[in-house]
Amino acid sequence: MERREFILLIGGGLVWPAIARAQGGAKLHRIFWVSTQAEPDPFLDGFREGMRALGYVEGRTVTFETHYAPENPQALRKIVSELPRGDVDLVVSSGPATRVMTAITDVPVLFALSGDPVALGVVKSLAHPGTNFTGSTFLSLELAGKRVELLKDLYPKLRKLAVLSNTDHPGEPLEWRATLESCRNLGIDAAYVPFCGAREIENALMAAAKVDADALLVFPDAVTLVHRARIAELAIAHRLPSMFGWSEYCDAGGLLSYGANQRTTYFRLATYADRILRGENPSDLPVMRPEKFELAVNLKTARLLGIDLDVSSILFRASKVIS
Amino acid sequence: MTDGAAQSSSCTMPPRRSLFCKYFATLFVAAVVPLILGAAIEASFGYRDQRRQISAVLQADARAASDRIEAFTDGIRDQLGWMVQLPWSAGDDAQHKIDALRLLQQVPAIVSVSLLDETGTERVFVSRLLLNRTGRGIDMSTDPAVLGARGNKVWYGPVQYQRDSEPYMRVAVAGSLPAAGVAIAEVNLKLIWDVIAAIRIGETGYAIVVDDSGHLIAHPDISRVLRGRASSSSFGRIKHLVSAASGAAVITGERGSPVVALSVQAADLGWTVIAMQPTSEAFASIRAALWRSSILIGLGVLIALSLAYWRAHRMSGPIKQLEEGVERIRAGQFEHRIKIFSGDEFQQLALRFNEMASELAISQQKSARIERLKQFLPSQVAELVEHSHELLEARRREVAVIFGDLRGFTAFSTRNEPHVIMAVMREYYAAVGAVTTRHEATLIGFDGDGVMLLVNAPIACEQPATQAVRLAIDLQMTVQSLAGRWCDAGHAIGFGVGVAMGPATVGTVGYNGRLDYTAMGAVVNLASRLCNLAKDAQILADPTIAGKVRDSVPLASLGQRNIRGYDQALEVFAVAPADLSLKPPGSAQRGREKEPQDH
């Protein structure tokens with residue numbers, strides 16, 4: 001037994017270095033970035049950062065070709081149909097753009113979704129996507145109810161909640177339904193303030209201010225993320241405790257946020273991009289789900305609001321406190 | 001030119017190649033075989049040592065991983081223990097909830113915690129994803145977690161994959177007091193990844209964790225874990241192979257390449273930590289040693305080849321020279337000398353060869369000289385010359401001289417055509433030559449129809465007189481038989497012989513390379529006179545001969561005769577053997593015919 005192993009090992013060992021050398025080699029990879037948003041794009045920045053951390057150099061080993069079609073899925077369809085097949089190594093999409101990407105079947109597509117990719121129909125299962133799609137989900141849907149609960153913990157007097165939601169976001173109806181159910185459980189009235197795309201954000205903010213709510217819940221989404229400072233400002237102006245999906249909102253003045261770390265998610269997406277560029281099949285790469293959720297509190301905002309908040313019930317749970 | 005070269009190479013190359021092969025085989029065995037043996041022995045010992053060392057390293061790493069995983073689960077168990085220290089009392093729910101939320105904050109891996117009272121009813125539930133619940137909830141008294149914790153204080157549930165992807169496990173802890181109830185935590189096992197990912201064995205070695213049935217729990221590549229049960233068959237096989245082996249085992253790894261693997265059991269959980277390292281890295285040092293050895297062996301082969309070539313070349317050069325020398329000698333170039341200064345046996349051989357060549361040259365010169373002498377000397381003389389020069393030197397000695405002469409030859413020669421004369425002469429000369437050779441006498445020379453023979457010079461014989469007489473008889477009989485045939489052809493030719501013995505001067509006389517051996521003295525004249533006196537078929541001898549052969553040969557005295565050049569008359573004897581007395585009838589007539597010619 002030992003001798004046979006020994007011979008096998010010598011034989012295999014002498015061959016191995018040649019095989020190892022045959023792999024590798026620098027190549028310029030083309031990555032298509034498709035989004036229904038407009039620049040500045042915080043998601044692209046996160047992804048770029050991840051690729052840089054993995055040793056990719058923009059212009060040398062990787063190029064990003066961005067395609068934005070703000071609030072216009074039809075325009076995205078056109079981009080997809082004109083995609084130069086065989087020349088693009090990877091397509092990365094986020095948010096609503098992913099729905100359009102289903103038309104692509106021969107180029108690997110990476111996604112970052114708030115919702116459930118199985119429900120969206122882009123993958124067959126989380127463990128085995130079985131298609132040219134894979135990526136990560138933020139589990140926003142699962143957290144929707146939890147956000148209401150946390151807001152209520154912090155502000156027990158909460159009775160009426162304004163819910164600002166971009167209807168252009170995939171899984172948005174499910175998120176709204178989960179929120180609504182949670183509100184019902186906690187005895188809160190939910191005031192739905194829908195808008196569609198960045199153009200309507202201003203109007204939506206005006207509308208939210210007018211519903212006479214005790215607090216504001218904003219669904220995490222690229223549009224609200226881009227306009228987070230404006231939303232936070234409005235919430236403070238109307239003395240509304242606000243709840244968001246990512247800690248970036250709190251940095252911009254939001255009161256509370258609960259959700260997966262966005263940077264971590266995009267960093268992981270970049271590792272998948274790396275693996276696909278190295279030749280792995282996306283259908284074998286399981287969809288990633290976050291296992292750590294951040295609860296961020298902005299105490300400065302809490303002071304600015306000047307209302308009675310049960311900060312102690314939240315502080316010991318917070319992973320990030322801004323003061 | 002090219003033909004010659006090709007020919008020479010074709011006849012010299014085969015031996016050189018075979019020499020080359022022999023040298024190569026010898027040097028190969030001498031240099032390369034010990035190298036190969038050394039390398040093989042070193043590699044096998046190295047392999048054994050390396051394997052022992054790798055086993056130790058893998059054991060340590062697997063043990064460390066197992067310890068850290070146990071620390072991870074022990075941490076959860078201990079933290080849950082805090083939850084069940086105090087018995088439940090009314091209105092405690094809020095405090096318990098805060099404790100549970102703190103627990104979530106403390107232990108990131110815990111996704112949710114249920115706190116049950118002594119009846120097994122849920123009182124508090126907090127979660128990272130779901131809404132928290134407080135107050136009396138569902139009855140969980142029959143849940144295996146509750147039963148397990150009550151029986152064993154601590155219960156570790158089986159690994160389950162949420163949505164068939166993320167590994168989860170439930171841990172339940174019961175308080176020491178039954179009234180304290182049970183705490184059940186749902187643990188996301190993805191968090192063990194940190195423990196496993198931190199383990200690096202060498203450059204590319206790593207550790208994985210599988211449960212009892214081969215389901216993957218932790219792997220440095222988290223995506224393998226997220227594939228859920230689908231990959232468990234492959235990891236189940238690895239676990240089975242590694243657990244079966246004592247110590248490290250070489251198995252086919254998950255990527256199909258061979259790995260060295262070793263497993264350690266995590267006691268409480270029934271999990272197995274498998275530490276593995278690709279053999280390509282684990283045995284890199286041995287491989288390097290083997291490469292070094294291969295290079296050395298290759299070098300050895302090269303050296304053996306070049307040495308063999310050099311030696312074979314050194315051998316074949318002299319051999320070729322010797323061969324060429326032999327060829328030249330064969331062609332008669334005795335002056336050819338071989339020049340080899342290798343200081344070894346070849347030089348010795350060349351020396352001997354040169355000696356041989358010079359001796360051959362001398363011998364060749366001798367035989368050439370003899371050949372030349374044979375052309376004009378009687379063959380006995382010629383042979384003698386070869387052996388001793390001194391024999392031919394002029395000296396005085398006792399010799400017997402025989403003269404023979406044809407009778408009636410003058411008349412014959414005037415009457416006949418030259419070709420008839422020459423035919424008779426050829427027969428006559430041949431007969432005389434044959435008799436001379438037969439009796440080992442020396443043929444001094446022919447003089448027309450006359451012939452002169454010498455006995456006892458230059459070669460001495462025991463009884464020269466007797467031998468001379470016998471020769472004379474033989475000569476007479478031979479010529480007589482010829483004469484009979486000539487007579488039948490109508491030529492009247494007879495033959496007379498004279499024999500005398502006495503001291504004479506013998507030696508070679510000549511000029512310019514023309515050398516003759518001859519005898520001079522009274523005895524020669526005497527023999528000549530006797531010959532002249534002799535009638536056909538008669539042999540006349542002088543008194544000296546007669547005195548010496550009287551007992552063996554019948555002689556008849558012819559009385560005193562006057563001989564020219566002698567003052568006194570000499571007694572002349574006729575040799576009269578029995579066979580000579582029977583003379584052919586015409587002999588008397590032939591004798592008579594001669595007489596007037598000579599006198």
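Guide: Start with a residue in chain B. B:A537 is buried, at a relative accessible area of 6%. Buried means under 20% relative accessible area, exposed means over 50%, and partly exposed is in between (1.4 Å probe, protein chains only).

Visitor: What should I know about the model and its numbering?

Guide: This is a predicted model: local features need pLDDT of at least 70, side-chain atom pairs count only at pLDDT 80 or more, and totals for chains, interfaces and linings use all residues. Residues are numbered from 1 along each chain as its sequence is written, chains are lettered from A and ligands numbered from 1 in the order in which they are written, and side-chain values use heavy atoms, without hydrogens and water.

Visitor: Where does B:A537 lie?

Guide: In chain B, the loop between α14 (522-533) and β18 (539-541) holds B:A537. Helices (H or I, at least four residues) and strands (E, at least two) are DSSP runs, numbered from the N terminus.

Visitor: How do I read phi?

Guide: Most residues other than glycine have a negative phi. B:A537 is not a glycine, yet its phi is positive, about 70°. A:D212 is not a glycine either and has a positive phi of about 60°.

Visitor: Is A:D212 buried or exposed?

Guide: A:D212 counts as exposed, with 64% relative accessibility. Its loop runs between α8 (201-210) and β8 (215-218) of chain A.

Visitor: How do I sum up chain A?

Guide: Count its elements: 14 helices and 12 strands. Then check burial: 55% of its 323 residues count as buried. For contacts, look for heavy atoms within 4.5 Å. Among chain A contacts with a separation of 6 or more, 72% join residues 24 or more positions apart.

Visitor: Which residues of chain B carry the annotation "transmembrane region"?

Guide: The unreviewed UniProt entry gives that label to residues 23-45 and 289-310 of chain B. UniProt positions are in the numbering used here, feature names are shortened, and annotations may be inferred rather than shown by experiment. In the model, residues 23-45 are 100% helix and 0% strand, with end C-alpha atoms 33 Å apart. Residues 289-310 are also 100% helix and 0% strand, and their end C-alpha atoms lie 31 Å apart.

Visitor: Where is B:I303, and how exposed is it?

Guide: B:I303 sits in helix α8 (residues 284-330) of chain B. B:I303 is partly exposed, at 46% relative accessible area.
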